[in-house]
Structures are given as structure tokens and as C-alpha cells.
Amino acid sequence: MFEGFQELEIELEGQKTSLVTAGSGPPLLLLHGFPQTRAAWAQAAPRLTDHFTLIIPDLPGYGRSTCPPPDAEHRGQSKRQMADIMCKIMNQLGHDSFHLAGHDRGGRVAYRLTLDHPELVKTLTLLDIATTLDTWEAMDWQAAISAYHWPFLAQPAPLPERMIGADPKAYLHHLLEKWKGRQALLKPEAIADYEASIGNPKTIEAMAEDYRAGATIDMEIDHKSREEGKQITCPLLIIRGSQYAAKPFLPAWQSWAGNVEEITLDCGHFIAEEEPEATANALISQAKPN
């Protein structure tokens, strides 16, 4: 995977972030989701290197990246903390503004980064998410069954860690099968990377802390942003996988952004892997000047 890319490890505040980079043109930061690693972008990335300088990290606590130890308020895995780390990494690499795309949990880091640091983000693309606040507020019994992992992973330690740790590969494959599209064939190399990641107890702990933050501090921060009327001011594109998310995300995002569009692809949740060419084309189109 990522043939021709340079692998870097950046240490900031005692935290190591592993990333790959390649290409030429304006910088584009790509953030993966749960339960994956940067390998989620491996198929789309080669289609983008002629258009962008790509920066593709493992999120804090995922893959080869580390994160702070758990804390009582789950701040270490809050999306604000993750976003701040991403900003510092981009600054260290010499990028004072950039295009940004995030899938799943990476999308939550991406929209928080854009709300907190609007001057840094030229365009924002989010794959298959509404805000954390909107998602929790809309959760009825049917959504809770479908997205059971939200309340499950948010349970106090060490319950999720012990249950997932009993057979981490089985839990990973359960999620991949549950969320991928009907015709999807995820690359074996990517799956092997996901298996290696979730096989690390520290990664399982970080994943659970990520979701605990989502049920506490991330909610509080989103709620404050909504009360203050914070808006995403750059162009926002939502890409939805219709086999995963039956209803459009656009109505929810229109309250957070004035310049927002949504496109729909006939695939499951793992959009960049199931439809890499369409994903790359959307990112290229999104970054073009109006």
C-alpha cells in the first residue's frame, strides 16, 4: 500500500503520529474513520497525487499513532484535541492552509477542526456523517440498535475493552461486514492493517475513549458551538453511501454551513474503498476554484 509515498513519524507533546505523504499541489489532509487506519485511503490516494500534496495520518490512538493516556473527562481523545494535533502537524509540515476530508470518526475531527480553526481550511469534505450532537439527539430505539456501538463503546472502562479484547479480529470483521456495501470487496492489505491495529490493546482503549469523548466532551463542545451560532464558512461537501445511510445528511448540515452540497454514491459506509475513483473525483472537483 501507498507505493511511492514517504512515511513520517512526528512527535508533538509526547504523542507520536505516523503518516504517509506524496504528491504535488495544494495540501489535502485525509482522515480515516473507525475501526480503520490510514489504509482506508490507499485506493483513492494514487488518484489524487497529481492534484494534491497528500497528508494521510493514522488518527491518534489508531494504527501506528499514539495518544495520551485516558483521563476522567476523555479530553485526550476529544475531537478538539485530535484536531489540534492535526493542525500542529500541518504547521510543522509547512502548510498554513489546506483542503480537508474526513470519513466517520475522522470526519468528526475534520468538522471540529474547521469550526475551531476556520482560517486554516480551504474546503471540507465529510464522508457519511452528521455532527455528533445531531446524531445523539436523533437516536431513537431503532437507531440505537443499528448504531449500538455508539452506546456500547461509550460504556465506562474496562467493559468495552475486555469484550472487544476477547476476540478483536472477530469484532473488526463484524463491523466491516455490517457496514460495507452489498458488492464491496475491501482490499486484503487494508484489512490486515486494520487487524494489526485492533489487535493492540492500547488501540482498543483509544477507540473506546474516542467514543466516550463522543458521548461527553464532544457533545458539550458541539452544543456550545450551536448555541454560539458557529458556522462552517468554507465550501462543504457531504458524500453519502446510500447502502449505509438511507436518508440524506444535507438537512442537518444546512444548519451548520451556508455553502453545503451532498452527493450520493451507491455503496456502503467505506466510501473511499468501495468507490475510490468517484471519491477522488469528488475531492478534485471540490477543490477547484469557483
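Guide: In this predicted model, Lys-79, Arg-80, Met-82, Ala-83, Met-86 and Cys-87 of helix α1 are in contact with Arg-105, Arg-108, Val-109, Arg-112, Leu-113 and Asp-116 of helix α2. By class, this contact comprises six nonpolar and six charged residues, and no polar ones. Helix α1 covers residues 79-92 and helix α2 residues 105-116. The two pack at an angle of about 75 degrees, and their axes are 8 Å apart. An angle of 65 to 115 degrees counts as roughly perpendicular, and α1 is therefore described as roughly perpendicular to α2.

Helix α2 itself deserves attention. With 12 residues at 1.5 Å a residue, α2 should span 16 Å, and the distance of 17 Å between its end C-alpha atoms agrees with this. Of its 12 residues, 12 are buried, so α2 is largely enclosed by the rest of the structure. The buried residues of α2 include Arg-105, Arg-108 and Arg-112 as well as Asp-116.

On the side of α1, the contact with α2 includes Lys-79. Lys-79 also touches Asp-218, a residue of helix α10, which covers residues 217-228. Apart from neighbours within four places in sequence, Asp-218 is in contact with Ser-78, Lys-79, Asp-210 and Ala-213. Asp-218 has a relative accessibility of 4% and counts as buried. The C-alpha atom of Asp-218 is separated by 8.7 Å from that of Arg-75, although these two residues are 143 residues apart along the chain.

The loop between β4 and α1 contains His-74. The phi of His-74 is positive, at about 60 degrees, although this residue is not a glycine. Most residues other than glycine have a negative phi. His-74 is also buried, with a relative accessible area of 15%. Asp-128 shows a positive phi as well, near 65 degrees, and it too is a residue other than glycine. Asp-128 is found in the loop between β6 (121-127) and α3 (132-137). With a relative accessibility of 3%, Asp-128 is counted as buried.

The strands named here belong to an open sheet. Eight strands form this sheet, in the order β1-β2-β4-β3-β5-β6-β7-β8, with mixed pairing. The edges are taken by β1 (6-12) and β8 (260-265), each of which has a single partner strand, so one side of each is left without a neighbour in the sheet. On average, neighbouring strands are turned by 20 degrees against each other, direction ignored.

Strand β5, residues 98-103, is mostly covered, for six of its six residues are buried. In a regular strand the side chains alternate between the two faces of the sheet. For β5, one face carries Phe-98, Leu-100 and Gly-102 and the other His-99, Ala-101 and His-103, and both faces are covered. With β3, strand β5 pairs in the parallel sense over four bridges, and Leu-31 stands opposite Gly-102. With β6, strand β5 pairs in the parallel sense over five bridges, and Gly-102 has Leu-126 as its bridge partner there. Helix α13 (residues 276-287) lies across β3, β5, β6, β7 and β8 and runs at about 155 degrees to β6.

Elsewhere in the sheet, strand β2 (residues 15-23) pairs with β4 in the antiparallel sense over five bridges. Within that pairing, Leu-19 has Pro-57 of β4 as its bridge partner.

The backbone also has cis peptide bonds to note. Most peptide bonds are trans. Phe-34 and Pro-35 are joined by a cis peptide bond with omega of about 0 degrees, and Pro-35 is placed in the loop between β3 (27-31) and β4 (53-57). Another cis peptide bond joins Ala-157 and Pro-158, with omega of about 5 degrees. Pro-158 lies in the loop between α5 (149-153) and α6 (159-165).

Key
Residues are numbered from 1 along each chain as its sequence is written. This is a predicted model: local features need pLDDT of at least 70, side-chain atom pairs count only at pLDDT 80 or more; totals for chains, interfaces and linings use all residues. Side-chain values use heavy atoms; hydrogens and water are left out. Axes are lines fitted to C-alpha atoms, for helices over the stretch in contact, and angles run from 0 to 180 degrees between N-to-C directions. Angles under 35 degrees count as roughly parallel, over 145 as roughly antiparallel, 65 to 115 as roughly perpendicular and the rest as oblique. Contact means heavy atoms within 4.5 Å. Ala, Val, Leu, Ile, Met, Phe, Trp, Tyr, Cys and Pro count as nonpolar, Asp, Glu, Lys and Arg as charged, and the others, Gly among them, as polar. Buried means under 20% relative accessible area, exposed over 50%, partly exposed in between (1.4 Å probe, protein chains only). The expected span of a helix is 1.5 Å times one less than its number of residues. Two strands pair if DSSP finds at least two bridges between them.
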